[in-house]
Structures are given as structure tokens and as C-alpha cells.
Amino acid sequence: KYFCYSEKNIVIGSDEVPAVTVQLLASANSADKKKVVCDYKYYYLLVTNTSSSPNMVDVVVNVEGTEKESSLKGGGFAVVGPFSPNSNADASTVLEDKVEYSWTDRVTGCESKNYMTVNFVKRPTVSIIANGGGLKDSYDSKVEVCDGAVVDLSFDYSSTSGADVANVLWSYGSNTNKTESIQITANMLQPSLLYNLNVTDVNGCEADMETLKVNVVASPKFTAWLSSQDKGVCEGGTDSLIVSDNNNLGNAYTYSAYVYDAVANDVIGSPIPGKEMEKSEPVLDENGKQEMDENGTPKVDVKKYYLFELSNLNESLSYKVEAKSNSATECTSSMIVTTKVNKLPVLDIKMTNTTTKKSGIGHDENGKFPAVCQNDQVQFVISNTTADPSVSTTYKLRRVTANAFHDKYSLVTASGTGEGTTDKLTIDKSHRYEITATTSLGCEVVAYVHRAT
């Protein structure tokens, strides 16, 4: 048998399959590429034909049933969208969109498809936190703050994606601030003010804007002063701390007073007892003259004050007076008042015998000086050992021996610790003398000395 055959070479060619990529965009800007998208924002997809073929390629992008078409030459791209995050699912449980994209070369008929997932994250949550000594109440995004109180505003931040904070913006009135916390001082000139907080995380997701309304509540207004005014009191004396609300105590504040340590900036010990007091005061006309009623009787006003008695004062002390409103907010305000305690004279008394010219004679612990001869003349030399240069002391000397009172006083004044020398006294017999020392600040002591012949 014979077998006949022939040969033919067949060449099978292949066309390039176009390559298409899809990338996530946060906006219609092709450069705004993202890895995730916020769950409340629309997003876009960047479709790119990466092949070098000049053939036109038709691309169909399907996102959860929503299709977008585009035609691209090699190297060309298109932005398709917008797409709503998880438009076909419950965004509270499903945090992704499935994307299917397919393409076909119009010339060669070559086609392919691919898949990707768009992940989206929930927006972060924030809440404003207010801290401060004058913060009284917080409810329904409102706080009440006492006038003059300093309050710090910060925020609590939470992110289910774990994304950090990227940007913070506070806005209030015409002001803005980009710090994570702000400090405000409550002022009745702005009794109500809104504070808005915007926070963005590193994914570009913004929390819902938080708003806090700050209402300023008036703090007590009062004045406090000492009855001694600037003059002060003498050692061991008593002063009165007087408080007025300029409304005859009609504002119904609760008052308290404490000894105050300025160095420690704190009160010391228990509160000082206080009480209400009434005081009749003359009614004066615009010229400062006493007004009279129709019967010619001086007009008076009965004024109410709150009084704290400060007794046995031996040193200058500061006192903190607090007033608390009896409203629901219980705002407080305070004043610092400082007493002035003036030293009592501490006398140094010497005697000079002007007859014998002997000077600087001292007395014993009972105030007795050594005897002198009858009819000798003596002078007492007195000084106040506690006086500063600005204080002068007046010394008044009189003889107080029984049945031998002097009608005349010997009066002499000395400045500071300087010495005052009395008139000459003729010693006819043993006598007892009284020396009254009064400072220019009104502090007085009485000393007795004895002179024997």
C-alpha cells in the first residue's frame, strides 16, 4: 500500500490581553487615592488601562449591583462614581463593598475580569468634657458655670478603626483654636456661649460636630472691710469684720470667714462665728448734710450687715471671707482682708537726779527707784522700745500718791525709740507716779513707778 500525504505549516498568533486596574479614590480627583473610605462618604474608583495597545477597551465596573461603564485606550484612565458605601447592605454590620470589573478589547475581542474589595470605616465619636472649680451642672450638652470660674474643655475620643486623631478645631464666637483642649474664664459679659468641636481622624473621617452651650451664672457680689479701717487695732484688741451685699442682706448669701494663709493659699482652722447686725445710719443729702423730716428729726436708715468679731488680736492676720449663693448653682466668691495690729508701747524708764547730776538710774522689778535726798530734783527719761521711726509716743506723768494728787501733768513726746524727758520734780517725800504712754496709732499703756526720799 501506498500512503500519500502533504504538509502545511500553520502559524497561530496571539493578541495581547489588555490589563486593567481599579483603585479607590476619596473624591473625583484622580490623585486622591485612599486605602479605606469613611462609611458616610461617597467614593470613586480610578480605572486605568495599563496596556500599551492602542486598541479601545470597554470596561464595566459593578459595585454591589451598580454598574458604571468607560472606554479606554492603552495608558488611559477614567474616574467612575460616585458610589454610596455599602448601598446594598446594612452599614452597621457590613463594612465593605464588593467590586467586580470586566473589560473587552474592541478589536481583538479579548476579555478578562477581576475583583476588589472597598473597605470603609465608621466615623469616630467625640464628646466634650468640661472640668473646673466653677462647673456646677451639665445636662443636654449644656453646662452652668459660675462667673469668674476657669473651666478646661477637652474631649473624649473613640474610633472603632483604631485611627488616631489628625485634626481638632474648636470654634466659639468669632474665635477658633486647633489645640486638643482650651481654657475659658466665665464672664457675665458673655452669659451664654456655644463651643463647637470638630475632630478628624487620620483616615479623613470626621466625627459628628459636638456642641456645648456654656451658661454663666452670676457669683455673689459683696464687700468686706474692717471697722478699724487702715488705722488698725492695738495688741490684744478687738476688730470687726463687716460684710455687706449692698442690698441690706436681701441677696440671702451664706457668709463664712476663716484665717487665711497667703503662702499656702489655704484657710486655717474652723470658721469664725458670725451674725447679722443692724446699724442706724444718718440719711445725707447730695451735699453730705443730714436730712431732717417734717418734724425736724434727723432721718436715719437701718442698714443690715453681717459681722465677724475678731478678738484678742496679737499679730496681723489675713482673713478669707466667702459668700455662697443660695440658688441651685451655689456659686461662691471670696475676698481677702488683712488686719493691722499695732504694737503696745514697751517702756524703758530711767531717772536722772539733776541735783547730784547722777543719771541713768534704773528701778527694780516693782518699779521702785533708789532713794534720793529730800528736796532733790529728779527727771524721768522714758522711751518706747517697740516703736518704729514713723510712730511717736506721748508720755504723760502725774503723781498719784494718796492725798497728794498733782493738778499739773508733765507731758512730753518722742519719736520712734527716742527718749522723752519729763519736767523736773522736787521730791519732798516718797511718792508714786503714773506714766501713761500713748502712741500716735492710739495704743496706750500705763506704768507706775515709786520714788522714795
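Q: How many disulfides does the structure hold?
A: The structure holds three disulfides, a disulfide being a pair of cysteine sulfur atoms within 2.5 Å. This is a predicted model, in which local features need pLDDT of at least 70 and side-chain atom pairs count only at pLDDT 80 or more, while totals for chains, interfaces and linings use all residues. Residues are numbered from 1 along each chain as its sequence is written, and side-chain values use heavy atoms, with hydrogens and water left out.

Q: What pattern do the disulfides follow?
A: With bonded cysteines counted along the protein chain, the pattern is 1-3, 2-5, 4-6.

Q: Start with C38. Which cysteine does C38 form a disulfide with?
A: C38 is bonded to C205, and their sulfur atoms are 2.0 Å apart. The torsion about that S-S bond is about -105°, so the disulfide is left-handed. C38 sits in strand β2 (residues 36–38) and C205 in the loop between β16 (192–201) and β17 (210–217), so the link ties together parts 167 residues apart in sequence. Strands here are DSSP runs of E with at least two residues, numbered from the N terminus.

Q: Are C38 and C205 buried or exposed?
A: Both C38 and C205 are buried. Buried means under 20% relative accessible area, exposed over 50%, and partly exposed in between, with a 1.4 Å probe and protein chains only.

Q: OK, next. What is the sulfur distance for C146 and C331?
A: Their sulfur atoms are 2.0 Å apart, and the two form a disulfide. The link of C146 and C331 is left-handed, with -90° about the S-S bond. C146 lies in strand β11 (residues 142–146), whereas C331 lies in the loop between β25 (318–324) and β26 (332–338), so the pair connects parts 185 residues apart in sequence.

Q: And what is the relative accessible area of C146?
A: C146 has 4%, so C146 is buried. C331 is at 0% and also counts as buried.

Q: Where does C234 go?
A: A disulfide joins C234 to C443, S to S 2.1 Å. The S-S torsion of this pair is about -105°, so the link is left-handed. C234 is in strand β19 (residues 233–234) and C443 is in the loop between β35 (431–439) and β36 (444–451), so parts 209 residues apart in sequence are tied together. At 0% relative accessibility, C443 counts as buried.

Q: What about C373, buried or exposed?
A: C373 counts as exposed, at 54% relative accessibility.

Q: Switching to strands. Which residues of β31 are on the covered face?
A: In β31 (residues 392–399), T393, Y395, L397 and R399 make up the covered face, and S392, T394, K396 and R398 the uncovered one.

Q: Why the every-other-residue pattern?
A: In a regular strand the side chains alternate between the two faces of the sheet.

Q: How many bridges does β31 have with β32?
A: β31 pairs with strand β32 (residues 410–415) over six bridges, in the antiparallel sense. Two strands pair if DSSP finds at least two bridges between them. The bridge partner of T394 in β32 is T413.

Q: How many bridges join β31 to β35?
A: Seven bridges join them, and they run antiparallel. T393 has T439 as its bridge partner in β35.

Q: Last one: what does Y44 touch?
A: Y44 is found in strand β3 (residues 43–49). Not counting residues up to four places away in sequence, its contacts (heavy atoms within 4.5 Å) include Q23, L24, L25, V79 and P82.

Key:
Helix = DSSP H or I, 4+ residues; strand = E, 2+ residues; numbered from the N terminus.
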